[in-house]
Structure formats: structure tokens, C-alpha cells
Amino acid sequence: MKVLVINAGSSSLKYQLIDMDGEQMLAKGNCERIGIKGGRFSHKTADGREKKIEVDMPNHTAAFMQVKEALLDAEVGVIHELSEVSAIGHRIVQGGPLFSKSVLVDEEVIKGIESLIPLAPLHNSAHVQGIRACIEVFGKDVPQVVVFDTAFHSTMPPKAYMFAVPYEYYEKYKIRRYGFHGTSHRYVSARCAELMGKDIRDTKIVTCHLGNGSSIAAVDGGKVIDTTMGLTPLDGFMMGTRSGTLDPSVVTFIADKEHLSPHDMDELLNKKSGMLGISGVSSDDRDVCAAAAAGNERAILAHQMLEYQITKFIGAFITALKGCDAIVFTAGLGENQPSHRQNVCDALSVFGVKIDSALNDEYVHGKEGKISTPDSKIEVYVICTDEELVIARDTKEIVEKM
């Protein structure tokens, strides 16, 4: 079975075609600037063949036409006919209180995703466009499955997901902590248990998805009991351009002093804060690292803040779990920035955490495994996340039960 995995954004569409016989990625690509002049399309096969073109894609249907043509292309294609695509799996950011697991797409499911647009305006709207465009390009007979970022976090108890605002707002608007990056946390926690040689039901794991967007989850026996992101991906610790958790009065104070609207504040906190806002250099950690190495004090401060906040959340989650067997680092920074891992783990030495510095430096660019010392009281792992594989596996499982 070949599964096409889709991650549709408001102006982008990423995809992977995965052969589930051996779980091998056959091709992947990206449609950029959908609906905007100067569109770009890139496609790359597992054996290195590439196609890159500039092409305007006025909507998601046009983007899927590019995907279709590339998959069938005589030079860079990986299938001979479209019928080889057995199913399509979609990443959906917000499942809200409606979806606690992956489901087969039908009109009711699409309407459910649409009803959650107020909770994730840009994301869920784009996902619906992607689903409908898929039907238009691939036909209504190709089964589609939706996999929700929030689903893995649906096991959180009320004491973890409720906010201390008047209860009526939970009843009226379902305002609560939902959490995100669920497919990543799900994959790496399961992979960690596998590397430890344990049944995941017998583990307590803190998973750290560290990238331009970041979150940490406390996973007890394979189920999330708490996570850092909240109603939206803005909550938690500082990220590339997001502020993370702060005193709510900071929002009202700045809005009042700068005469900013709610929309303006949303832009400021989501796109101008975090590493970018503190360093004044970039939201890309590689640029901040270079600036810090050159002695830029604000870049150094940004890293100190990031590592301190990550350490606080890990410590809190170890307590919430009433113990911890393993800590996992994953995603762009988690997999490729040894200095962050070293500094965070050094700060966690109070819990008996010890890592092998040589191993820590070695585990980058796709290499995964244990970086803690034999006498560390908590094992520490670097694990390469694979959200697309989780989506493909769920899609295969659901379609085979049809």
C-alpha cells in the first residue's frame, strides 16, 4: 500500500509518498506561496532525483495538480498511474473536543473540522481546503484519513487542561489546554520505549519537541498527562518567534501603551517575539548561535532564557509524573543542537541526570540513541521524529478496516 501524506497550510502544501511495505519514503515535496504570485514547487525522490520549478498555484487544487504531475513524471516520478496511491493521510492541527483519534474522512468529519476553525483559523481552514482539493484531484473513491495534532494529548485530566478563568468560557467556547505536536510526541515516546526494551505502559517519559515551534509533554504509560502548549501553540516556553507563557498583564500593558489591537498583539506575540524578539538577530537558532559565539549579549541571553525555561518544564513534568525513566530530545533543535541538550541536562543533575558529552556531540543529523551515562538515574535519548510515518500508519490501519 502506498500512502500520500499531506500537511496543508494556508499558503503551502508539504507531502510525502510512503510505501507501507517496508515503510519507505518514495518521494517528498513542497508547494510554496499558494495563492500568491511567485509560487515555488519542489519534489525529490528517495534516490535523489529532483524537480524545482517556479509556478503560480492560485489554490490548493492547483497545488495538488503539481503533486500529481510530479509523482507521475517520466523523469522524477515514482508511480506509473494514480491508482497506485491507495489512500491519503492528512495532518490536522486542531481536533478540539470532537476528535480524540484519527478517523476516516466523510462530510460529517469535514464539517467537524470546519466547526473548529475559530480555535485554529489559519490551520484548520487550510486543512479543509486540502481535503477538498484532494477529492477534486484524486477522486472521491480514494479514501482519506485525518490525524490530529491534539489527539495524543486528549488523555490529559481536567486539572491539567483547564484554565483558571470563569468556567462559563469553557462551557461556551471550549477554552482549555489542547496541546500540539501530538504526532511527534506519540512517535518519539513509543520509539523511546522500544529503544529501552520496555513496554510503553511501564514507562514515564518526558518528550521535548524542540524546533522553531516547541513543546514538551509528560507521557505516563503511553498517555499524556500534561503538555506545555495550550489553547493555541503560543503557550509554553519561548520559541523561534513565539513568546511562550507570560503574565497576561504584559499583553494588556503593551496593547495600551502602544495602542495595539488584539490582532496586532497576536502578530507581536506569535511572529515578533521569542528568540527573534530577544536576540534581535533571527528566529533561526543557527543564526543566534553564530551571534552568541561572536559575543552578542542578547543572543547569549536568548539561549540562556530558552534553556532555563526548558529545564523548568522538564523538572515540573518529572514531578507531575512522580518519577521519570527517560527524557527525549527531538525535532530540529532537539536533534541537532548538542549545546542546548548539554546545558539543559547539566541543570537537571539535581535529578541525577548525566549525559556523555562525546556521545551528545556525536548524535546529530539523523543519528539517534541514548546519550546518558550508565549511572544516570534518568536515561536521555536523541530520537529523530517521524510525524509523516505516524500519519501513514494510522491511515493504513483505518483503511484496511474499511
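Select helices H10 and H11 to start: their crossing is left-handed. The model is predicted. H10 covers residues 285-293 and H11 covers residues 297-321. The two helices pack at an angle of about 125°, and their axes are 7 Å apart. H10 and H11 are therefore oblique to each other.

Next, show the side chains where these helices meet. On H10, pick Asp 285, Val 288, Cys 289, Ala 291 and Ala 292. On H11, pick Ala 299, Ile 300, Ala 302 and His 303. By class, this contact of H10 with H11 has seven nonpolar residues, one polar and one charged.

Now turn to the aromatic rings. The structure holds eight aromatic pairs. Select Phe 99 and Phe 148, which form a stacked pair with 4.5 Å centre to centre and 10° between the planes. This pair links distant parts of the chain, as its residues are 49 apart. Phe 99 sits in the loop between strand S6 (85-92) and strand S7 (103-104), while Phe 148 belongs to strand S8 (residues 144-148). Phe 99 and Phe 148 are both buried.

Move on to Tyr 169 and Tyr 173, another stacked pair, at 6.3 Å centre to centre and with 10° between the planes. Both tyrosines lie in helix H5 (residues 167-173), four residues apart, about one turn of the helix.

For the last stop, select Tyr 161, Tyr 167 and Tyr 170, which ring pairs link into a cluster.

How values were computed:
Residues are numbered from 1 along each chain as its sequence is written. This is a predicted model: local features need pLDDT of at least 70, side-chain atom pairs count only at pLDDT 80 or more; totals for chains, interfaces and linings use all residues. Side-chain values use heavy atoms; hydrogens and water are left out. Axes are lines fitted to C-alpha atoms, for helices over the stretch in contact, and angles run from 0 to 180 degrees between N-to-C directions. Angles under 35 degrees count as roughly parallel, over 145 as roughly antiparallel, 65 to 115 as roughly perpendicular and the rest as oblique. A crossing is left-handed if the near helix is turned anticlockwise from the far one by less than a right angle, and right-handed if clockwise. Contact means heavy atoms within 4.5 Å. Ala, Val, Leu, Ile, Met, Phe, Trp, Tyr, Cys and Pro count as nonpolar, Asp, Glu, Lys and Arg as charged, and the others, Gly among them, as polar. Rings of Phe, Tyr and Trp (its six-membered ring) pair if their centres lie within 6.5 Å; planes under 30 degrees apart count as stacked, over 60 as edge-to-face and the rest as tilted. Buried means under 20% relative accessible area, exposed over 50%, partly exposed in between (1.4 Å probe, protein chains only).
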